[in-house]
Amino acid sequence: MTIQQSDALKRVQPSATLAVTQKARELKAQGIDVISLGAGEPDFDTPDHIKAAAIEAIHAGKTKYTPVDGIPELKAAIVDKFRRENNLIYAPEQISVAPGGKPVIFNALTATLNPGDEVIIPAPYWVSYPDMVRLCGGEPVIARAALEDGFKLRPETLAAAITPKTRWLIFNSPSNPTGAGYTSGEIQALADVLLDHPHVLVMTDDMYEHIAYDGFEFSTMAEVEPRLYERTLTTNGVSKAFAMTGWRIGYAGGPKPLIDAMRKVMSQTTSNPCSISQWAAVAALNGPLDFLPQRNAAFKARRDRMLADINAAPGLTAPTPEGAFYVFADCSGAIGKTTKSGHRIETDIDFCALLLQDEAVAVVPGSAFGAAPGFRVSYATDDASLIEAGKRIRRFCDGLS
């Protein structure tokens, strides 16, 4: 039996990061010593006090349906978090909780987009943004950020991308895939553009807020420019900072009419997030962050090691990320060259496929992030694997001719 795909589904592609991760798993199952640098997932464990809260919730029988977009205790913890850490004042009815950061974004797009509406997405971008826009009937408009600008969007580029059809700007800092973090001054420069276009909504993806280096100070759009508060959806989650990717809790604060609309979407799709995960998230947001400095120090050391190896490899260059746990490398210097195995590299997809074939290192092509030729490395893995991966990448590039 043939199942006909919907027209909406035909507009999108499967997640490239998940595809690379799955390919690495398959090769490992064949006994190949693959080092996978594809998945954006901390290798640290969820802190014990958070796990204990989940176990307590189970024993207490907190395993039933909850309000569609979050239990009151979690909404209160999110309100406190926004006030304490971001100088943003929200009421509980302005908070949405969903089963992951991705559903938060998808719910907002579903609730607001009509066919032909445009969504500005800076590139390099997280792979899911454009396809979520397409699934919701909108049109992604890619605003490119250059390597020489540290992969940060310039105000004039944003201004040029805005049209009467623009509905949203999606803004991610620190960024997946580049790790680029915007200073408050850089955010203000973008906000100044947005103030001239009151029909444009702003969606910030702040998932990597607490993973930052070298004294970088995180700021979010509605905090920097309060005049944008009423048209900004500030999204976040517990996945990265608290190493809770599998717990699937994302959240957002924003205008009540938008939050109400997102709740309506959830009421007919996922319903509530996992009850146990919600109680774990309460413990995460209300608890200490004293585990972060040690983890960030480890991430920074890994970042520096990977940067050194990439920038020492012929044909590769990468700027220093301010946050997250990714390095995004430009591989234009390798295009047109031939590997030791006799294969010519025509694209970044070729580069990544041949790196996997010849050296068993899995990375994600930059074309998946709207920025070819390049590739993304996730350094959220153990030190020994990163050291060996760096050697293999350099050896692969040293062998190009």
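**Talking through a predicted model**

Me: Let's start with the loop between β7 and β8: which residue should I look at there?
Reply: T245 is found in that loop. Bear in mind that this is a predicted model.

Me: What makes T245 count as buried?
Reply: Its relative accessible area is 16%, and buried means under 20%, so T245 falls on the buried side of the cut-off.

Me: And what does T245 touch?
Reply: Leaving out neighbours within four places in sequence, T245 is in contact with E41, P42, S239 and K240.

Me: What about C352, why is that one called buried?
Reply: C352 has 5% relative accessibility, and the limit is under 20%, so C352 counts as buried. C352 is in helix α13 (residues 348-359). Not counting residues up to four places away in sequence, C352 touches V363, V364, P365 and F375.

Me: Now α5 and α10: why is their packing called roughly perpendicular?
Reply: The two helices, α5 (residues 101-112) and α10 (residues 256-267), pack at an angle of about 100 degrees, with their axes 8 Å apart. Roughly perpendicular covers 65 to 115 degrees, so α5 is roughly perpendicular to α10.

Me: Which residues meet in that contact?
Reply: From α5 you have V104, N107, A108, T110, A111 and T112; from α10, L258, A261, M262, V265 and M266. By type they divide into eight nonpolar, three polar and no charged.

Me: How do you know that the span of α5 is close to the expected one?
Reply: α5 has 12 residues and reaches 17 Å from its first C-alpha to its last, against the 16 Å expected at 1.5 Å a residue. Among the buried residues of α5 are V104, N107, A108 and T112.

Me: How do β3 and β4 pair?
Reply: In the parallel sense, over six bridges; two strands count as paired with at least two bridges. Along that pair, A123 stands opposite R144 in β4.

Conventions:
Residues are numbered from 1 along each chain as its sequence is written. This is a predicted model: local features need pLDDT of at least 70, side-chain atom pairs count only at pLDDT 80 or more; totals for chains, interfaces and linings use all residues. Side-chain values use heavy atoms; hydrogens and water are left out. Helices (H or I, at least four residues) and strands (E, at least two) are DSSP runs, numbered from the N terminus. Buried means under 20% relative accessible area, exposed over 50%, partly exposed in between (1.4 Å probe, protein chains only). Contact means heavy atoms within 4.5 Å. The expected span of a helix is 1.5 Å times one less than its number of residues. Axes are lines fitted to C-alpha atoms, for helices over the stretch in contact, and angles run from 0 to 180 degrees between N-to-C directions. Angles under 35 degrees count as roughly parallel, over 145 as roughly antiparallel, 65 to 115 as roughly perpendicular and the rest as oblique. Ala, Val, Leu, Ile, Met, Phe, Trp, Tyr, Cys and Pro count as nonpolar, Asp, Glu, Lys and Arg as charged, and the others, Gly among them, as polar.
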